[in-house]
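Here are a few exercises to work through with the coordinates open beside you. Try each task before reading its solution.

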Amino acid sequence: MIRFDQVSKHYADDKIALNRATFHLKRGQMAFITGHSGAGKSTLLKLIMLMERATQGRIIVDNQDLANLNRRQIPWHRRKIGLVFQNHQLLFDYSVFNNIALPLRINGYHERDIGRRVRAALDKVGLLGQEKAMPSTLSTGEQQRVGIARAIVNKPRLLLADEPTGNLDPELAEEIMHLFEQFNQVGVSVLIASHDINLIRHLPYPVMKLGQGRLTHLRASS
Amino acid sequence: MKHTSVTPNRPSNRIQGWLQEHHKAAIGSWQRFWNSVLSTTFTSLTLAIALALPGSLLVLLNNAEQITRHLQASAQVNIFLHKDIGLADAQQLTQQLGQREDIHNSYLISATAALDQFRQQSGLDTILDSLAINPLPHTIVITPAFHAANQIALSRLTAKLDTLATVDEVLVDLQWVQRLAALLETTRMATLGLALFLALAVMLVIGNTLRLAIENRREEIVVIKLVGGTDAYLRRPFLYLGCWYGLLSSGLAWLIIQFGLWGLQAPLQRLGDTYQTTIELVGLGISGSLGLIISSVLLTMLSATITVTRELRLIEPH
């Protein structure tokens, strides 16, 4: 699903965010990337989302070499990927329903399909019945679930998460991780950037570690 | 999760979806347009004034041209006869000329009548009384049957009149009409120049308004870009917003122009009364109104396209 081949990312100030990183996330696989904040985890996800371009190396996502995609093709690339943020990036002047419906609206879905899919996504994250609520009335954990519902409403084949449990207490964090596992079980490839070693340790998925831009494979799988 | 084929991929659904998106963007931006009534009204009024100024000047110019066309049409040609021509011959010639196709009407000012008129106007009675003979010739005044702006026909007529044995001199007093026409032409060019500058002002105001609207929705734009919203999708609501501004401000400009004309009608009529004539001001009419609306919407849409394309490019998720 994702293949990094000797990928480097240098910034203008000579900072090396990623140094010859190589890895392969197979279709339907779930994996973690750990490392301290500033170790390059976000950079790696940004490269996959084409929010930034690699300085060197080759990135292939869903059989597509990202170097071949021009500016106009970026939206279509992003539609294939569900993205979950640490700060969930919800729009606070939109209802829960409209937040989740956003990816469907840009895809031009019919309004009745949108309703059906949004409710299905809400059901999956355990928030059915909250569609009319405004995000500000929800707890942090619920807001994160709305963010996840938005990421999966379009049924992407790849789900990326950047510190999805960063702001949550351990119990909620475990619930969220369990959600990701459920998506993975129905075939979605999942790549999660997280510094929460204690949480990841117990989970049976490959873990890669980023340190000073270098990627090392801590654990292939268990 | 099953990967069912995505319904919007069917062409009919895609067109339907596209129409649905336009409909939603139009409605959404219309609602946003009225969310802040005060700023929307002020911005639209600013635009309306910028549109109404050249608009009303052009309407007034059209009216002025219509009035002067009327004046030009009645331009006169003075024919001075040789001094040895008798009154009877002059009367006969006047009649003959009046029958010509290219002459609308003709009348004679006899030498005696001319002298009397001059005496009355100048007050030089004693000097004129001391003259042994009347120095003034008989004069025939004709009004051509064609438009005075028709220079070729006019010069052909004057040339023909000049060849008549009895005619001493033919005078066409067109200078003031030409001066007026030149003045109107100058005013028209100045108005067009002004219109260009004000069109630029309209574009700048719209550009700035939309830039702020985009800035206010920066967060939303970032999220939409991240979930794969295309530039066209992001542009759409703002282009509609520009369109609404164009429509509303042209409507307001139309009202300003029509009320202005309505206010001018009475004082102009008082002016017309002194010339014993009726002055009927002509408004924008259907073509003028449509021109105003279309040019306003085109201006705002053009400005919106430039601004929105540039501003949206500057907002990238990071």
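**Exercise 1. Work out the strand order of the open six-stranded sheet in chain A, and its pairing.**

Solution. Keep in mind that this is a predicted model.
- Step 1: Reading across the sheet of chain A gives the order 6-7-8-3-9-10, and the pairing is mixed.
- Step 2: Strand 6 (81-84) and strand 10 (214-219) of chain A are the edge strands, as each pairs on one side only.
- Step 3: From one strand to the next, the twist averages 20 degrees.

**Exercise 2. Find how strand 7 and strand 8 of chain A run relative to each other, parallel or antiparallel, and then find what packs on the sheet.**

Solution.
- Step 1: Strand 7 (residues 158-162) and strand 8 (residues 189-193) of chain A run parallel and are joined by five bridges.
- Step 2: To pick out one pair, take A161(A), whose bridge partner in strand 8 of chain A is I192(A).
- Step 3: Helix 5 of chain A packs on this sheet and touches strand 6 and strand 7 of chain A. The direction of helix 5 makes about 170 degrees with that of strand 6 of chain A.

**Exercise 3. Now describe the open four-stranded sheet of chain B.**

Solution.
- Step 1: The order in chain B is 2-3-1-4, with antiparallel pairing.
- Step 2: Strand 2 (103-109) and strand 4 (167-172) of chain B each have a single partner strand, so one side of each lacks a neighbour in the sheet.
- Step 3: On average, and ignoring direction, neighbouring strands here are turned by 20 degrees against each other.
- Step 4: Six bridges pair strand 2 of chain B with strand 3 (residues 139-144) of chain B in the antiparallel sense. Among the partners, I109(B) is bridged to T139(B) in strand 3 of chain B.
- Step 5: Helix 3 (residues 87-99) of chain B packs on the sheet, touching strand 1 (77-81), strand 2 and strand 3 of chain B. Its direction makes about 165 degrees with that of strand 2 of chain B.

**Exercise 4. How much area is buried between chain A and chain B, and how many salt bridges are counted between them?**

Solution.
- Step 1: The buried area is about 2,800 Å², with carbon and sulfur atoms giving 56%.
- Step 2: On the chain A side, R71(A), R78(A) and I106(A) lose the most area to chain B, together 21% of what that side buries.
- Step 3: Three salt bridges are counted between the chains. One of them joins E111(A) to K24(B), with the closest N and O atoms 2.8 Å apart.
- Step 4: By class, the side of chain A that touches chain B has 19 nonpolar, four polar and eleven charged residues.

Technical notes
Residues numbered from 1 in each chain as written. Chains lettered and ligands numbered in written order. Predicted model: local features only at pLDDT ≥ 70, side-chain atom pairs only at ≥ 80, totals over all residues. Heavy atoms only, no water. Buried area = accessible area lost by both parts, 1.4 Å probe. Salt bridge = Lys/Arg side-chain N within 4 Å of Asp/Glu carboxyl O. Nonpolar A, V, L, I, M, F, W, Y, C, P; charged D, E, K, R; others polar. Pairing = 2+ DSSP bridges. Helix = DSSP H or I, 4+ residues; strand = E, 2+ residues; numbered from the N terminus. Axes fitted to C-alpha atoms, helices over the stretch in contact; angles between N-to-C directions. Contact = heavy atoms within 4.5 Å.
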